[in-house]
Amino acid sequence: DDVPLPRKVFALQPAELFAYAVERPGFLQTIHLPSSNMHVTLKTLATSPRVLSVEALLSPEECRTLIEVASNRMRNSTIAQPGRQGRMEVEAARNSRTAWIYPAMHPLVGRVGQRVSELLRVPL
(Lines give C-alpha, C1' and ligand atoms only; values in the text may rest on other atoms or scores of the structure.)
Protein backbone atom coordinates (compact mmCIF):
# COMPACT_ATOMS: atom_id res chain seq x y z
CA ASP A 1 0.00 0.00 0.00
CA ASP A 2 2.07 2.90 -1.22
CA VAL A 3 0.79 6.35 -0.33
CA PRO A 4 1.22 8.97 -3.07
CA LEU A 5 3.97 11.48 -2.36
CA PRO A 6 2.86 15.00 -1.43
CA ARG A 7 2.82 17.58 -4.19
CA LYS A 8 5.28 19.75 -2.26
CA VAL A 9 8.77 19.00 -1.03
CA PHE A 10 10.11 20.56 2.16
CA ALA A 11 13.81 21.13 2.77
CA LEU A 12 14.51 21.24 6.50
CA GLN A 13 17.35 22.95 8.28
CA PRO A 14 19.29 20.60 10.61
CA ALA A 15 17.70 22.20 13.70
CA GLU A 16 14.16 21.59 12.43
CA LEU A 17 12.59 18.32 13.47
CA PHE A 18 9.65 17.83 11.14
CA ALA A 19 7.26 19.63 8.84
CA TYR A 20 3.96 18.77 7.24
CA ALA A 21 2.10 20.81 4.68
CA VAL A 22 -0.55 23.13 6.08
CA GLU A 23 -1.95 24.64 2.88
CA ARG A 24 -5.24 25.80 4.42
CA PRO A 25 -7.54 24.92 7.31
CA GLY A 26 -9.27 21.66 6.51
CA PHE A 27 -6.34 20.36 4.42
CA LEU A 28 -6.01 16.57 4.88
CA GLN A 29 -2.98 14.38 4.34
CA THR A 30 -2.39 10.71 5.01
CA ILE A 31 0.82 9.61 6.72
CA HIS A 32 2.06 6.00 6.80
CA LEU A 33 3.52 4.77 10.11
CA PRO A 34 5.64 1.74 9.16
CA SER A 35 6.12 0.28 12.66
CA SER A 36 2.35 -0.19 12.99
CA ASN A 37 1.66 -0.68 9.29
CA MET A 38 -1.10 1.89 9.59
CA HIS A 39 -2.08 5.24 8.18
CA VAL A 40 -3.16 8.32 10.12
CA THR A 41 -4.76 11.46 8.78
CA LEU A 42 -3.41 14.91 9.60
CA LYS A 43 -5.96 17.69 9.39
CA THR A 44 -4.84 21.32 9.30
CA LEU A 45 -6.75 23.35 11.87
CA ALA A 46 -4.73 26.58 11.47
CA THR A 47 -1.78 27.70 9.36
CA SER A 48 -0.32 30.35 11.68
CA PRO A 49 0.47 29.12 14.17
CA ARG A 50 0.68 25.72 12.51
CA VAL A 51 -1.90 23.48 14.21
CA LEU A 52 -2.76 19.97 13.02
CA SER A 53 -4.95 17.26 14.48
CA VAL A 54 -4.10 13.58 14.15
CA GLU A 55 -7.01 11.31 13.33
CA ALA A 56 -6.96 7.54 13.93
CA LEU A 57 -3.69 7.41 15.89
CA LEU A 58 -5.38 5.11 18.44
CA SER A 59 -8.28 2.72 18.07
CA PRO A 60 -11.14 2.86 20.60
CA GLU A 61 -9.84 -0.40 22.11
CA GLU A 62 -6.34 1.06 22.48
CA CYS A 63 -7.82 4.13 24.20
CA ARG A 64 -9.68 1.90 26.64
CA THR A 65 -6.50 -0.07 27.36
CA LEU A 66 -4.41 3.06 28.02
CA ILE A 67 -7.11 4.45 30.32
CA GLU A 68 -7.15 1.16 32.20
CA VAL A 69 -3.34 1.10 32.54
CA ALA A 70 -3.27 4.71 33.76
CA SER A 71 -6.37 4.75 35.95
CA ASN A 72 -4.83 3.51 39.21
CA ARG A 73 -1.74 5.70 38.72
CA MET A 74 -3.57 9.05 38.59
CA ARG A 75 -2.10 11.69 40.90
CA ASN A 76 -2.58 15.42 41.35
CA SER A 77 -0.53 17.23 38.72
CA THR A 78 2.55 19.07 39.93
CA ILE A 79 4.42 22.20 38.92
CA ALA A 80 8.08 23.14 39.14
CA GLN A 81 8.84 25.72 41.80
CA PRO A 82 11.29 28.41 40.58
CA GLY A 83 14.54 28.34 42.51
CA ARG A 84 13.74 25.00 44.16
CA GLN A 85 16.25 22.82 42.25
CA GLY A 86 13.63 21.25 39.96
CA ARG A 87 11.44 20.18 42.86
CA MET A 88 7.91 19.35 41.77
CA GLU A 89 5.05 20.36 44.07
CA VAL A 90 1.29 20.13 44.03
CA GLU A 91 -0.25 23.58 43.56
CA ALA A 92 -3.67 24.14 45.13
CA ALA A 93 -4.82 26.28 42.18
CA ARG A 94 -4.14 23.44 39.75
CA ASN A 95 -6.94 20.91 39.45
CA SER A 96 -5.69 18.42 36.88
CA ARG A 97 -4.52 14.87 37.41
CA THR A 98 -1.67 13.05 35.66
CA ALA A 99 -0.53 9.46 35.27
CA TRP A 100 2.96 8.60 34.05
CA ILE A 101 2.93 5.30 32.18
CA TYR A 102 5.89 3.47 30.66
CA PRO A 103 6.41 0.68 28.11
CA ALA A 104 7.32 -1.78 30.88
CA MET A 105 3.78 -1.39 32.26
CA HIS A 106 2.03 -2.56 29.08
CA PRO A 107 3.27 -3.36 25.53
CA LEU A 108 0.76 -0.92 24.02
CA VAL A 109 2.53 2.03 25.68
CA GLY A 110 5.71 1.27 23.73
CA ARG A 111 3.81 0.80 20.47
CA VAL A 112 2.05 4.15 20.87
CA GLY A 113 5.37 5.81 21.70
CA GLN A 114 6.85 4.38 18.51
CA ARG A 115 3.91 5.70 16.45
CA VAL A 116 4.31 9.18 17.90
CA SER A 117 8.07 9.03 17.31
CA GLU A 118 7.52 8.14 13.65
CA LEU A 119 4.86 10.77 13.19
CA LEU A 120 6.97 13.54 14.70
CA ARG A 121 10.21 12.16 13.25
CA VAL A 122 11.82 12.39 16.67
CA PRO A 123 13.60 9.36 18.11
CA LEU A 124 12.39 7.90 21.37
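**Exercise 1.** In which helix is Arg 115 found? Work out whether Arg 115 is buried or exposed, and list the residues it touches.

*Solution.* This is a predicted model.
Step 1: Find the helix. Arg 115 is in H2, which spans residues 107-120.
Step 2: Check the surface. Arg 115 has a relative accessible area of 5%. Buried means under 20%, so Arg 115 is buried.
Step 3: List the contacts. Leave out residues up to four places away in sequence. Arg 115 then touches Leu 33, Ser 35, Ser 36, Met 38, Leu 57, Leu 58 and Glu 62.

**Exercise 2.** Sort the side chains of strand S1 by the face they point to.

*Solution.* 
Step 1: Recall the rule. Side chains in a regular strand alternate between the two faces of the sheet.
Step 2: Apply it to residues 28-33. Gln 29, Ile 31 and Leu 33 point to one face and are buried.

**Exercise 3.** Describe how S1 and S2 are joined.

*Solution.* 
Step 1: S1 and S2 (residues 38-47) run antiparallel, and six bridges join them.
Step 2: Find a facing pair. His 32 stands opposite His 39 in S2.
Step 3: Look at the turn. The two strands form a hairpin with four residues between them. Asn 37 in this turn has a positive phi of about 50 degrees.

Terms used
Residues numbered from 1 in each chain as written. Predicted model: local features only at pLDDT ≥ 70, side-chain atom pairs only at ≥ 80, totals over all residues. Heavy atoms only, no water. Buried < 20%, exposed > 50% of the residue type's maximum accessible area, 1.4 Å probe, protein only. Pairing = 2+ DSSP bridges. Contact = heavy atoms within 4.5 Å.
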